[in-house]
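Thanks for coming. I will go through one structure, a few residues at a time, and end with the ligand.

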Amino acid sequence: MDFALSEEHQSIRQVAREFVDKKVLPRADEFDRTGKMDLNLAREMGEAGFLGVIIPEEYGGTGLDTIAYAVISEEFGRGCASHATIVGAHNSLFGYPVLTFGTEEQKKKYLPPICSGEKFGAFSLSEPSAGSDAAGIQAMAEKDGDDYILHGNKIFVTNGAFADYIIVMARTDKRPGPRSISAFIVEKDMPGFSIGHIEEKMGFHASPTTEIILDDVRVPVENVLYKKGLGFKVAMESLNSGRISVGASALGMAVRAFELAVKYAKERKQFGQPIASFQMVQSHIADMHCRIEAARWLVYNACWRKDNGLDYVADAATAKLVGSETATFAAHRAIQILGGYGYLREYEVERLYREARLTELFEGTSEIQRLVIARHITKHG
Ligand code: COS
């Protein structure tokens with residue numbers, strides 16, 4: 001058993017870290033305050049190969065494995081949560097399902113521009129009355145000749161405001177439950193498609209979370225992703241992959257909170273000595289370190305299982321659960337170490353605390369991750 005990252009993975013981390021340290025992290029506060037994502041920067045991320053990490057080179061991707069993807073997601077999580085969502089949305093929520101379930105034509109048409117950052121992708125499952133109960137969606141897709149007509153309202157679409165292509169789940173018959181849901185690749189220019197309300201959030205300010213209105217959007221039958229009635233499978237598999245990247249980017253947030261807390265503890269003097277010399281501060285540092293290391297190995301384990309063709313559903317949920325709770329924990333403890341300064345907006349840990357909180361909610365709440373893990377144990381354990 002070898003716990004070290006390979007030389008290739010270490011150099012991938014170095015490349016991602018240099019990119020993030022130069023172009024993303026120094027502007028994270030600006031992104032938070034202005035609420036504006038820099039789409040030119042996002043395109044540069046595509047040119048550098050970060051938006052198609054797990055997509056084979058023949059479709060314009062970088063053709064790397066899931067561990068490389070996690071390492072890159074971690075580095076972007078460390079830099080800026082909003083820009084980390086582009087990495088996750090492109091790789092896991094758009095690229096992965098098109099690669100896994102798409103026809104050759106769909107892969108050739110949609111993957112290269114998504115990998116290069118020329119076009120932006122998103123994924124739309126949730127509705128006002130269907131969040132954790134994903135199979136409860138009500139958006140309808142009715143067949144009309146060679147097209148489907150999509151009608152309904154979707155919410156919480158990450159990056160929906162600027163996405164060119166969106167994978168949308170809708171029911172292709174009125175029977176309730178997961179087996180009448182189909183997945184469609186919808187293009188933003190299709191008549192009847194529009195962006196609704198843009199949410200005001202606690203964090204991730206530069207990553208627009210939007211409502212999508214489907215007002216009789218005519219989608220050609222060749223844009224059905226996978227098979228009619230098997231869209232729930234597409235959604236679940238996309239979320240399995242997405243949960244690894246959320247776990248990894250949350251790990252990156254925890255790492256950043258830890259770095260800032262340790263630096264501050266070594267510099268800040270009280271009672272005539274650096275606060276890092278006080279046992280209560282050391283205790284916080286040790287707890288943060290332990291949880292970060294645990295989260296890291298859970299993330300890499302889920303990646304390793306996926307790359308080796310093993311069942312990784314519960315492992316992805318575990319990585320996401322522990323990664324996201326570690327991010328919140330580390331940001332909380334970092335604020336504690338910085339004291340009153342940690343609560344000020346000018347100190348980065350305040351933003352990290354707000355942003356970490358979302359990782360416990362999106363792509364399945366922590367309660368849903370626990371449900372997935374417990375179901376797996378009681379079924380297979
Ligand atoms: N991976 C692969 N397949 C899965 C799966 C997963 N994680 N979870 C469920 N499935 C499959 C089941 O195996 C079943 O397949 P068959 O029809 O072949 O038997 C099918 O999907 C239906 O599963 P189930 O009966 O468990 O569906 P439920 O309605 O009970 O819901 C949960 C399952 C709760 C796990 C699902 O609704 C869920 O993940 N909810 C959270 C949604 C979410 O994360 N939303 C975030 C917003 S999207 S950004």
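Let me start with Tyr312, which counts as buried because its relative accessibility is 8%, and the cut-off for buried is under 20%. Tyr312 sits in the loop between helix H8, residues 279–307, and helix H9, residues 313–338. Along the chain, Tyr312 and Ile244 are 68 residues apart, and their C-alpha atoms are separated by 9.7 Å. Before I go on, please keep in mind that this is a predicted model.

For contrast, take another pair. Arg33 and Ile275 are 242 residues apart in sequence, and from C-alpha to C-alpha they are 30 Å apart in space. Arg33 belongs to helix H2, which covers residues 28–34. With a relative accessibility of 47%, Arg33 counts as partly exposed.

There is another arginine to look at, in helix H1, residues 7–24: this is Arg13. Is Arg13 buried or exposed? Arg13 is buried, at a relative accessible area of 17%. The side chain of Arg13 also makes a polar contact with the side chain of Glu74, at 3.2 Å.

As background, most residues other than glycine have a negative phi. Asn159 is not a glycine, yet its phi is positive, at about 65°. You will find Asn159 in the loop between strand E3, residues 147–158, and strand E4, residues 165–171. Asn159 is buried, with 2% relative accessible area. Phe271 is also not a glycine and also has a positive phi, of about 50°. Its place is the loop between strand E9, residues 269–270, and strand E10, residues 273–274. Phe271, at 77% relative accessibility, counts as exposed.

Now the cysteines. How many disulfides does the model have? The count is zero. A disulfide is a covalent bond between the sulfur atoms of two cysteines. Take Cys303: the closest cysteine sulfur to its own is in Cys115, 18 Å away, so the two are too far apart for a bond. Cys303 is buried, at 0% relative accessibility. Cys80 is buried as well, with a relative accessible area of 2%.

Which residues come nearest to the ligand? Of the 18 residues around it, they are Ser132, Arg179, Asn240, Arg243 and Arg375. For Ser132, a backbone N or O atom lies 2.8 Å from a nitrogen atom of the ligand. For Asn240, an N or O atom of the side chain is 2.9 Å from a ligand nitrogen. For Arg243, a polar side-chain atom is 2.9 Å from an oxygen atom of the ligand. On its own, the ligand has 980 Å² of accessible area, and the protein covers 69% of that.

Two elements give two or more residues to the shell around the ligand: helix H7, residues 231–267, and helix H11, residues 366–380. Helix H7 gives the most, with six residues. In terms of domains, domain 2, residues 122–229, and domain 3, residues 233–378, each supply at least three residues to the shell. By class, the shell is made up of eight nonpolar, five polar and five charged residues.

That is the tour; I will take questions now.

Conventions:
Residues are numbered from 1 along each chain as its sequence is written. This is a predicted model: local features need pLDDT of at least 70, side-chain atom pairs count only at pLDDT 80 or more; totals for chains, interfaces and linings use all residues. Side-chain values use heavy atoms; hydrogens and water are left out. A residue is near a molecule or strand if one of its heavy atoms lies within 4 Å of it. A polar contact is a pair of N or O atoms within 3.5 Å; within protein, one must be able to donate a hydrogen and the other to accept it, and residues adjacent in sequence count only if both atoms are side-chain atoms. Accessible areas come from the Shrake-Rupley method with a 1.4 Å probe; for residues, only the protein chains shown count as cover. Helices (H or I, at least four residues) and strands (E, at least two) are DSSP runs, numbered from the N terminus. Ala, Val, Leu, Ile, Met, Phe, Trp, Tyr, Cys and Pro count as nonpolar, Asp, Glu, Lys and Arg as charged, and the others, Gly among them, as polar. Domain bounds come from an automatic or database domain assignment. A disulfide is a pair of cysteine sulfur atoms within 2.5 Å. Buried means under 20% relative accessible area, exposed over 50%, partly exposed in between (1.4 Å probe, protein chains only).
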